Amino acid sequence: MDNDLGRALDAVGPRLRALRRRRETTLADLSTETGISVSTLSRLESGARRPTLELLLPLAKAHGVTLDELVDAPPTGDPRIHLRPINRHGMTYLPLTRRAGGIQAYKLVIPPNTRDEPDPRTHEGYEWLYVLNGRLRLILGDHDVILTPGEAAEFDTRVPHWFGTADPEPVEFLSLFGKQGERAHLRTTPRSRPT
């Protein structure tokens with residue numbers, strides 16, 4: 001058996017036990033709900049028995065999770081992006097892209113009063129920001145500006161920069177970032193001139 005498949009199947013038992021305990025359900029209750037014997041459930045949770053599809057389907061339904069979640073399946077060709085927030089430097093990052101390299105997209109949320117002291121930093125890349133809600137304070141080199149919903153900024157990240165909330169309200173914004181200095185190209189159509 002493939003090593004990755006074997007490891008995935010071995011991890012199902014502890015995941016089943018954790019799900020059952022989180023629901024505060026006994027093996028007997030789960031047996032009644034799924035039609036799987038208490039002894040089989042116990043052996044699945046302890047790893048003494050390998051799970052089969054016939055056992056996993058009713059267990060996934062009983063625990064209210066997908067089969068993929070139950071076995072911790074790797075992502076496949078599903079085009080949807082499953083947001084997993086990252087908390088860093090007092091901000092919450094929601095990745096909107098998942099491919100390696102190229103321009104990365106994020107939604108960022110900065111809670112109020114978490115980044116009061118500006119500490120401009122530099123790094124390789126190019127960034128484009130678009131404010132969704134709240135007011136974003138952007139320090140970029142010698143400039144100290146406030147961006148409001150609907151406003152955007154773009155800059156080379158080798159220029160010292162910092163951003164935070166402009167007032168005691170959270171701010172939400174989109175960020176497009178290219179590590180190698182890729183610029184976000186916006187395509188617009190010219191306005192027609194009045195004749």
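Glu24 counts as exposed, because its relative accessibility is 73%. The cut-offs run like this: exposed is over 50% relative accessible area, buried is under 20%, and partly exposed is in between (1.4 Å probe, protein chains only).

A word on the source. This is a predicted model, where local features need pLDDT of at least 70, side-chain atom pairs count only at pLDDT 80 or more, and totals for chains, interfaces and linings use all residues. Residues are numbered from 1 along each chain as its sequence is written, and side-chain values use heavy atoms, with hydrogens and water left out.

Back to Glu24. Glu24 sits in the loop between helix H1 (3–22) and helix H2 (27–34). Helices (H or I, at least four residues) and strands (E, at least two) are DSSP runs, numbered from the N terminus. The phi of Glu24 is positive, near 55 degrees, and Glu24 is not a glycine.

Next, His89. His89 lies in the loop between strand S1 (86–88) and strand S2 (91–95). Its phi is also positive, about 55 degrees, in a residue that is not a glycine. Buried or exposed, then, is His89? Exposed, because the relative accessible area of His89 is 59%.

Now His161. This one belongs to strand S8 (residues 161–165). His161 counts as buried, because its relative accessibility is 7%. What does the side chain of His161 make a polar contact with? The side chain of His123, at 3.3 Å. A polar contact is a pair of N or O atoms within 3.5 Å; within protein, one must be able to donate a hydrogen and the other to accept it, and residues adjacent in sequence count only if both atoms are side-chain atoms.
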